[in-house]
Amino acid sequence: MPDTPNTHLPAGAHAHIRLTDVSVTLGTRPVLSGVNLTLSTGTTLAAVGENGRGKTTLLEVLSGTQTPDAGTVSRQGTVGVIQQHLDTSAGRTVGDAVAEEIADSLHALQALDDATTAMVEGKPGAEDAYAVALDRATVLDAWDADRRVDIALEGLSACADRERPLSTLSVGQRYRVRLACVLGARHDLLLLDEPTNHLDATGLAFLTARLREHPGGLAVVSHDRALLRDVASHFLDLDPSQDGAPRLYGGGYEGWIEGRRAERVRWEQAHADQVDEHARLTRAADAARGRLQDSWRPEKGHGKHARATRAAGTVQAFNRRRDELERHQVTVPPPPAAFHWPEWTVAPGKNVVTCTDVSVRGRLVSPVSLTVNTGDRVLLTGPNGAGKSTLLDLLAGRLTPDSGQVICRPGVRISHLGQEVPDWDPTLPAVEIYRRHIDGAGLTSAPGLDTTGLLGSDSAGTPVGRMSQGQQRRLHLALCLAGEPELLILDEPSNHLSFALVDELTGALASASCAVIVATHDRQLLRDLASWPAVDLSGSALESVHVRQP
């Protein structure tokens with residue numbers, strides 16, 4: 001085994017990564033700006049924000065794989081990194097991945113063996129070399145490194161065969177191997193990018209427990225709100241703020257939500273105050289202009305001297321008002337639009353759709369019966385492949401069952417937010433797609449695209465082919481809500497949407513007058529909707545399911 005410098009030693013309570021005024025620009029787009037952050041022992045940090053806000057870039061700066069364009073970075077201690085990519089080239093095996101992650105421990109044990117041999121052979125300085133090697137191996141707890149990885153491999157249901165080529169594993173299996181190696185290596189600081197990908201319920205429980213037990217520091221980017229609720233003590237919010245700087249919130253998930261809400265209120269108030277003041281100064285200047293015009297037309301009987309005297313004072317007053325208006329600038333930018341549920345209601349208790357003993361070969365094997373009325377709530381659960389999306393397609397009229405029947409009330413309005421966005425013309429801007437949708441459906445009373453706050457004016461004019469997945473998902477949701485549906489079907493609604501928007505949408509669903517059916521694996525959404533009647537499609541031997549809402 002080749003020698004390596006003794007530089008990767010745990011720092012314990014002194015481990016940290018410190019960013020000072022860090023900025024990163026990709027191309028011409030600023031991704032991070034003015035980030036000041038210290039990740040240290042005992043800190044569990046979640047980086048949050050909409051797609052494209054720089055969360056992954058932040059992890060790259062913390063790990064050292066990305067050099068910032070401005071600012072400084074200092075590190076102390078060992079760092080374990082989980083990225084989305086794992087090198088599978090040149091016949092690399094599971095054993096290679098393990099050895100790479102625990103290399104410091106393996107080198108320490110090798111050095112200890114070499115020093116022991118030197119002592120036996122009576123070489124000069126061997127005792128000192130042995131003492132140094134023993135100290136290093138003890139600090140790293142090197143003897144236990146392999147066992148720790150094995151425990152993590154088992155906990156994540158990952159391949160433990162050290163001879164197995166990584167290229168023969170599935171993407172999910174490779175990712176679990178990589179995650180197990182990092183968790184088993186016992187680094188001071190962990191940097192994890194979407195660590196819940198490809199994990200089942202058992203793996204999620206194991207990961208959550210390990211992260212909560214981790215004695216060092218942790219920074220994580222994840223779409224899994226349940227994980228962040230369970231492990232994160234601090235949240236770095238990279239979404240737009242009043243001054244453009246990121247916001248750091250303590251108090252865990254609830255502290256972040258409340259802090260973000262309070263920040264939003266302050267931002268809205270500051271902007272409104274400046275806009276109101278500008279409007280007041282504009283009115284004052286207009287009034288002064290009107291008096292200036294009137295001063296040249298004095299009442300009948302006044303002479304030139306009176307006109308000149310009045311005009312001079314009026315001109316001075318107008319100039320003062322004009323100067324005040326010119327000096328006043330609205331420096332607080334308008335906050336991004338907040339989500340608003342459209343204002344429409346449907347009569348409760350009206351039948352929307354009834355399906356009786358429906359099944360689809362190879363997709364929905366066990367027959368399902370379901371009656372849905374306006375005002376009903378249904379939570380659809382089950383593992384991948386159980387037929388959740390298939391059942392939703394049946395209810396939406398997009399699929400015909402092989403057996404059984406689906407009956408929709410004539411003229412009923414159903415909107416379906418599927419997992420994939422529609423096949424839009426990528427050259428069309430969002431606002432044009434929205435207009436064509438409401439025109440084609442005859443939705444004469446539909447609100448404007450900006451009414452719900454799902455897309456701002458800047459993104460509404462963007463061709464959909466250049467929009468992020470999150471923006472496209474927001475457009476799709478806006479189209480669904482524009483139809484004022486009597487039944488709203490949401491298939492994995494948290495996919496590609498920000499945490500804040502998902503929380504706002506979840507809250508709005510509680511009081512919506514339409515019927516709502518949600519299918520999801522999202523653990524936090526399942527918690528939030530736990531009071532809803534549920535249809536569980538788990539298991540191939542599922543009996544016919546009948547759900548009747550009051």
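Two strands pair if DSSP finds at least two bridges between them. I began with this rule, and I applied it to E8 and strand E9 (residues 247–249), which run antiparallel and are joined by three bridges. I also noted at the outset that the model is predicted.

**Entry 1: overview**

I looked up the overall content of the protein. I found 16 helices and 18 strands. The protein has 550 residues, of which 47% count as buried. I then turned to contacts with a separation of 6 or more, and residues 24 or more positions apart account for 72% of them.

**Entry 2: the strands E3, E8 and E9**

I returned to E8 and asked which strands it pairs with. Strand E3 (residues 44–48) runs parallel to strand E8 (residues 234–237), and four bridges join them. Within this pair I located Ala46, whose bridge partner in E8 is Phe235. With E9 the sense is antiparallel. There I noted that Asp237 has Arg247 in E9 as its bridge partner. As background I recorded that strands of a sheet pair through backbone hydrogen bonds, either parallel or antiparallel.

**Entry 3: Pro246**

Which residues does Pro246 touch? I first placed Pro246 in the loop between E8 and E9. Leaving aside residues up to four places away in sequence, I listed Ser33, Gly34, Val35, Leu236, Asp237 and Leu238 as the residues touched by Pro246. I also looked up the C-alpha atoms of Pro246 and Asn36, which are separated by 8.6 Å although the two residues lie 210 residues apart along the chain.

**Entry 4: the sheet E2-E1-E4**

I next examined an open sheet of three strands, with the order E2-E1-E4 and antiparallel pairing. Which strands form its edges? They are strand E2 (29–40) and strand E4 (70–76), each of which pairs on one side only. On average, neighbouring strands of this sheet are turned by 20° against each other, with direction ignored.

I then followed the pairing of strand E1 (residues 16–26) with E2, which is antiparallel and extends over eight bridges. Val24 stands opposite Leu32 in E2. I also found a helix against these strands: helix H1 (residues 55–63) lies across E1, E2 and E4 and runs at about 130° to E1.

**Entry 5: helices H12 and H14**

I looked up how helix H12 (residues 430–440) and helix H14 (residues 469–482) meet. Their axes come within 10 Å and cross at roughly 25°. Angles under 35 degrees count as roughly parallel, and H12 is therefore roughly parallel to H14. I recorded the crossing of H12 and H14 as right-handed.

Which residues make the contact? On the H12 side I found Ala430, Ile433, Tyr434, His437 and Ile438, and on the H14 side Leu475, Ala478, Leu479 and Ala482.

**Entry 6: burial in H12**

I then asked which residues of H12 are buried. They are Ala430, Glu432, Ile433, Tyr434 and Ile438. The buried residues of H12 pack against H14 and against helix H13 (457–460).

Notes: Residues numbered from 1 in each chain as written. Predicted model: local features only at pLDDT ≥ 70, side-chain atom pairs only at ≥ 80, totals over all residues. Heavy atoms only, no water. Axes fitted to C-alpha atoms, helices over the stretch in contact; angles between N-to-C directions. Helix = DSSP H or I, 4+ residues; strand = E, 2+ residues; numbered from the N terminus. Parallel < 35°, antiparallel > 145°, perpendicular 65-115°, else oblique. Left-handed = near helix turned anticlockwise from the far one by under 90°. Contact = heavy atoms within 4.5 Å. Buried < 20%, exposed > 50% of the residue type's maximum accessible area, 1.4 Å probe, protein only.
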